[in-house]
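Here are my notes for anyone opening this one for the first time. Keep the viewer open while you read, and take the points in order.

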Amino acid sequence: MARFVPDVATHRWVLITPGRASRPHASISVDETEKPSCVLCLAYQNPTPEQMEKYSLQEIYSLGNIRVIPNKFPITDTHELIIHGPQDSIDIEDFPQTQVEDLLKVYRNRFQVRRERGHVIIFNNRGFLAGGSLQHPHSQLVVIPSQINLEALQLEPIANVVDENQFFTVYCPEFSQWPYEMWLAPKKKGGVYADVADEEIKDLASLLKRLIKVLLIKSEELRKPDKGNYNFYIFPQKDWYLRLIPHFKHRGGLELGTGVSVNEKDPAVVSEELRLLLEKVK
Ligand SMILES: [Zn+2]
């Protein structure tokens, strides 16, 4: 059974989840030559009656190629898997624009449905080095009880703009903890993601798809063996943003010991590199 454990002095929390150690492919491995049968392919094709009944997901099952199922190895009481599509090897960067929009609409719907239960955090872990235990493209939704204080960053001030469209700005904040991290902030401030409008989703989808392409190109340029490993998450509270973090580095002892991030890339320089790359990506 999962349990939240507080640190008395700092009011930070840790979540101890021994049950998740037994989930499929949960051990750390970068050996991609071994490809076991994919549990999400199976879940995508055959959602069980219990899953259907427990979560009343009929509406979501009909939204394009996206499927939502309860996580068999939940982190908290509410933990959903949002399966991006039927195939193992095709993800956001290769989806048609409408499928990315559908994905973002599913995020909105699940946020709306779950928001009464606590803090709704929607995130995507791609690649083993970014914490992804299953290769099949999927995102996750976890609800953290309201009484648990989050350590999430508030919206950082706009600086080092990479691109913008009608409803969003892409930028590399001065407070960038990771090389090449990018933030997508809506121009309409004060909202939560559950209230994002359809026209905003169009703009967000087009930027997200292009930014992921840019990160993949950048990881090729940097000749990273762990290319294609990244996280993104949607800030769960007011003044929401989407933060995209490539894993071009690992945290070392200094960072683990002090909580001070070391970023060897100046966000101002990075934003210019990314801006030039983005111009080439449709
Ligand atoms: Zn699969």
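1. Start with Phe4, which is partly exposed because its relative accessibility is 26%. Keep in mind throughout that this is a predicted model. Trp13 also counts as partly exposed, at 33% relative accessibility. The rings of Phe4 and Trp13 sit with their centres 6.4 Å apart and their planes at 85 degrees, so this pair is edge-to-face. Searching the whole structure turns up nine aromatic pairs.

2. Now look at another of the ring pairs, Tyr171 with Trp183. How are these two rings arranged? The pair is tilted, with 6.3 Å from centre to centre and 50 degrees between the planes. Tyr171 belongs to strand 8 (residues 168-171) and Trp183 to strand 9 (residues 182-186), so the pair ties together parts that are twelve residues apart in sequence. Both Tyr171 and Trp183 are buried. Ring pairs also join Tyr171 and Trp183 with Tyr233, Phe235 and Tyr241 in a cluster.

3. Tyr180 lies in the loop between strand 8 and strand 9. Tyr180 is not a glycine, yet its phi is positive, at about 70 degrees. Is Tyr180 buried or exposed? Tyr180 counts as buried, because its relative accessibility is 2%.

4. Asp239 has a positive phi of about 60 degrees, although it isn't a glycine either. You'll find Asp239 in the loop between strand 10 and strand 11. With a relative accessibility of 29%, Asp239 counts as partly exposed.

5. Next, the metal. Which residues hold the zinc ion? Cys38 and Cys41 each coordinate the zinc ion through SG, Asp88 through OD and His136 through ND1, at 1.8 to 2.4 Å. The angles among the four donor atoms run from 92 to 117 degrees, and the site is tetrahedral. For reference, the ideal angle for four tetrahedral donors is 109.5 degrees.

6. The spacing of the zinc donors along the chain is C-x2-C-x46-D-x47-H. Cys41, in helix 1 (residues 39-45), and Asp88, in the loop between strand 4 (79-83) and helix 4 (97-114), are 47 residues apart, and the pair links distant parts of the chain. Cys41 counts as buried, because its relative accessibility is 17%. Asp88, by contrast, is partly exposed, at 31% relative accessibility.

7. Where is His136? His136 sits in the loop between strand 5 and strand 6. His136 has a relative accessibility of 1%, so it counts as buried. His136 and Gln87 are 49 residues apart in sequence, yet they lie 7.1 Å apart in space, C-alpha to C-alpha.

8. On to the open space. The largest pocket holds about 1,600 Å³. The pocket is lined by 35 residues, and the closest to its centre are Trp13, Ile121, Glu151, Ala152 and Tyr233.

9. Strand 5 gives the largest share, five residues. By type, the pocket lining divides into 21 nonpolar, nine polar and five charged residues.

Terms used
Residues are numbered from 1 along each chain as its sequence is written. This is a predicted model: local features need pLDDT of at least 70, side-chain atom pairs count only at pLDDT 80 or more; totals for chains, interfaces and linings use all residues. Side-chain values use heavy atoms; hydrogens and water are left out. Donors are N, O and S atoms within 2.8 Å of the metal (3.2 Å for Na, K and Ca); water is not among the atoms, so sites may look incomplete. Four donors count as tetrahedral if all angles lie between 85 and 135 degrees; four count as square planar and six as octahedral if opposite donors are over 155 degrees apart and all others between 65 and 115; anything else is irregular. Helices (H or I, at least four residues) and strands (E, at least two) are DSSP runs, numbered from the N terminus. Buried means under 20% relative accessible area, exposed over 50%, partly exposed in between (1.4 Å probe, protein chains only). On a 1 Å grid over the protein atoms alone, a cavity is a set of points where a 1.4 Å probe fits but cannot get out, and a pocket is an open set with protein on both sides within 12 Å along at least five of seven lines; lining residues have an atom within 4 Å of a point. Grid points are joined across faces, edges and corners, and a volume is the space filled by probe spheres set on the points. Ala, Val, Leu, Ile, Met, Phe, Trp, Tyr, Cys and Pro count as nonpolar, Asp, Glu, Lys and Arg as charged, and the others, Gly among them, as polar. Rings of Phe, Tyr and Trp (its six-membered ring) pair if their centres lie within 6.5 Å; planes under 30 degrees apart count as stacked, over 60 as edge-to-face and the rest as tilted.
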